[in-house]
Amino acid sequence: MSFKQTKQSVDEGDVIILYFGPTNMHSIEVKRQIKNKKGELVDNTFQTTYGALKVIDLVGKEYGSKVQLTKGFGYVLQPTPELWTLTLPHRTQIIYTADISLIIHLLDLSPGSVVIESGTGSGSLSHALIRTIRPSGHLYTFDFHENRVNVAKDEFQVHGLDEFVTVGLRDVCSEGFGDDLKNKADAIFLDLPHPWKTIDFAVDALKESGGKLCSFSPCIEQVQRTCEKLAATGFEDIKTYENLQTELQVHYKSIPILDLESLKEEEINGEPTKKKGKFKIKQDENKILTVSEPKTLPGHTGYITIATLPPEFARSVILES
């Protein structure tokens, strides 16, 4: 249950991150045996480019410690939502950490918040939402695909997070979020092809004191229809963001130093001077630490639309006007 709390060492049943580098890491469930392609139980051995790892041997090792293999070594790390996003098995296209951080900020989440998510997908965002709202909050996440729902339930249980999340099989565009969630949510997140079809259901699900709704869409046409529906339904402060993450390269840069004092002395004494342009340059150069912009811009991921539903009284006034 390594997602649930910070731990000192690995226990059987934990999910760990085997780290070889920023682009080479793997999530592994620590158990003695697994089923092979024939359905037979065999010893759980994980193959890497640095040699084979007998997974059960990780039990008792401290998180952050080095794991020696036949052709090299790695590190055993305790999983976080960020590491899970980089290593999870993809069942759908996922939302990555840069967008996740902005979504959680815009939804104004904190421990105790009740959040509705649709769709669940591969569970990348779900893990980050759970970490933010636990221990007293709860996540209700929906997906219309039965297999994805079942796999997500199993993952949350293995990760020790099932007490903080309820996974439902539902097409929220046609069925809504259910009567059990009427006026219960502080925030709603939508990652759907037609998010505007759920806006009326979202109004019923958000608390009477109001709440936030966030929608993630890859196409601007989806954003336009969603914003039109949000405005017509009484939502306020509607904004859309495009989050483009840029990595600045840190390096040293040599800066020539002007030798003005020597230049002045040589001119007074009538001695010839070696000049570069108008000024004499010292032989030594000063190095400063600086940054440079990347030569290419990062690719588009999606548009993040955030809107606020005002309290019930203010909402009725807005709709009447």
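**Close-up views of a predicted model**

**View 1. Residue S217 in strand β13.** S217 belongs to β13, the strand that covers residues 211-217. The model shown here and in the other views is predicted. The relative accessible area of S217 is 2%, and the residue is therefore classed as buried, the cut-off being under 20%. Apart from neighbours within four places in sequence, the contacts of S217 are P195, Q222, V223, G302 and Y303.

**View 2. Open sheet of four strands, β2-β1-β8-β7.** The four strands are arranged in the order β2-β1-β8-β7, and their pairing is antiparallel. The edges of the sheet are formed by β2 (24-29) and β7 (66-69), each of which pairs on one side only. From one strand to the next, the twist averages 30 degrees. Strands of a sheet pair through backbone hydrogen bonds, in either a parallel or an antiparallel arrangement.

**View 3. Pairing of β7 with β8.** Strand β8 spans residues 72-77 and runs antiparallel to β7, to which it is joined by four bridges. Within this pair, K66 has Y75 of β8 as its bridge partner. Strand β7, which contains K66, covers residues 66-69 and is an edge strand of the sheet.

**View 4. Hairpin formed by β5 and β6.** Two residues lie between the strands of this hairpin. Strand β5 consists of residues 45-48 and strand β6 of residues 51-54. The two strands pair in the antiparallel sense, with four bridges between them. Opposite F46 stands L53, a residue of β6.

Terms used: Residues are numbered from 1 along each chain as its sequence is written. This is a predicted model: local features need pLDDT of at least 70, side-chain atom pairs count only at pLDDT 80 or more; totals for chains, interfaces and linings use all residues. Side-chain values use heavy atoms; hydrogens and water are left out. Buried means under 20% relative accessible area, exposed over 50%, partly exposed in between (1.4 Å probe, protein chains only). Contact means heavy atoms within 4.5 Å. Two strands pair if DSSP finds at least two bridges between them. Axes are lines fitted to C-alpha atoms, for helices over the stretch in contact, and angles run from 0 to 180 degrees between N-to-C directions.
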